[in-house]
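Let's walk through this model together, from its overall build to one helix pair. Keep the sequence and the 3D view side by side as you read.

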Amino acid sequence: MEKRLPDLNTLIRLSQQGLTDEQIGKRYDVSGQAVNKALTLGGYYRRQVSKTVITELIPWDVLTTKEKGSHHNTYLAKQLKGYLRAALGDDQLKESHLVAAARFEKRLRKDNVILTYQPGSGFALEPRTPEDGALILRWPKGRELPEGEHLNAITLAEE
């Protein structure tokens, strides 16, 4: 039997009635994820990636201060954050941020570099090593990699 969702208007009405994506999905024998995707593609959900998610994907304690010398607002830090937002499907990004994210990815590929961080000096691009794999940033040894879409966000897709 084919799994089938109702039309977008019905999904929106059910969501506005307070049903979760999972509850709606159960009604139609589909996953909550399928409902979420339909509502997102239909333009009902706007997807904005939270700063918390981005911060959790950056595996270092980045120096953040209001004084000079802060690393969280440097050019490479901003490029990394924009790239991660784009990779996670944030549809609230401005066109200029999408262009910057694409430029960052192109630079990683073209120069065969990876983003690193040192507390004393900040972010830097360094030559990629075989241990780096396809990650966009050098993951600290002993720290567990994220899974699912978060791992995909920090991994360069095959060309």
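We begin with the whole chain and then turn to a single packing contact.

This is a predicted model, in which local features need pLDDT of at least 70 and side-chain atom pairs count only at pLDDT 80 or more, while totals for chains, interfaces and linings use all residues. Residues are numbered from 1 along each chain as its sequence is written, and side-chain values use heavy atoms, with hydrogens and water left out.

The protein has 7 helices and 2 strands, taken as DSSP runs (helices H or I, at least four residues; strands E, at least two) and numbered from the N terminus. Along the sequence they follow the pattern α-α-α-α-α-α-β-β-α. The radius of gyration is 19 Å, well over the 15 Å that the globule rule gives for 159 residues, so the protein is more spread out than a compact globule; the radius is taken over C-alpha atoms, and the rule is 2.2 Å times the number of residues to the power 0.38. Its C-alpha atoms fill a box of roughly 55 × 35 × 30 Å along the principal axes.

Now look at helix H1 (residues 8–16) and helix H3 (residues 32–41), whose axes lie 10 Å apart at an angle of about 110 degrees. Axes are lines fitted to C-alpha atoms over the stretch in contact, with angles running from 0 to 180 degrees between N-to-C directions. H1 and H3 are therefore roughly perpendicular, a term covering 65 to 115 degrees. Leu8, Leu11, Ile12 and Ser15 of H1 meet Val35, Ala38 and Leu39 of H3, where contact means heavy atoms within 4.5 Å.

Key: Parallel < 35°, antiparallel > 145°, perpendicular 65-115°, else oblique.
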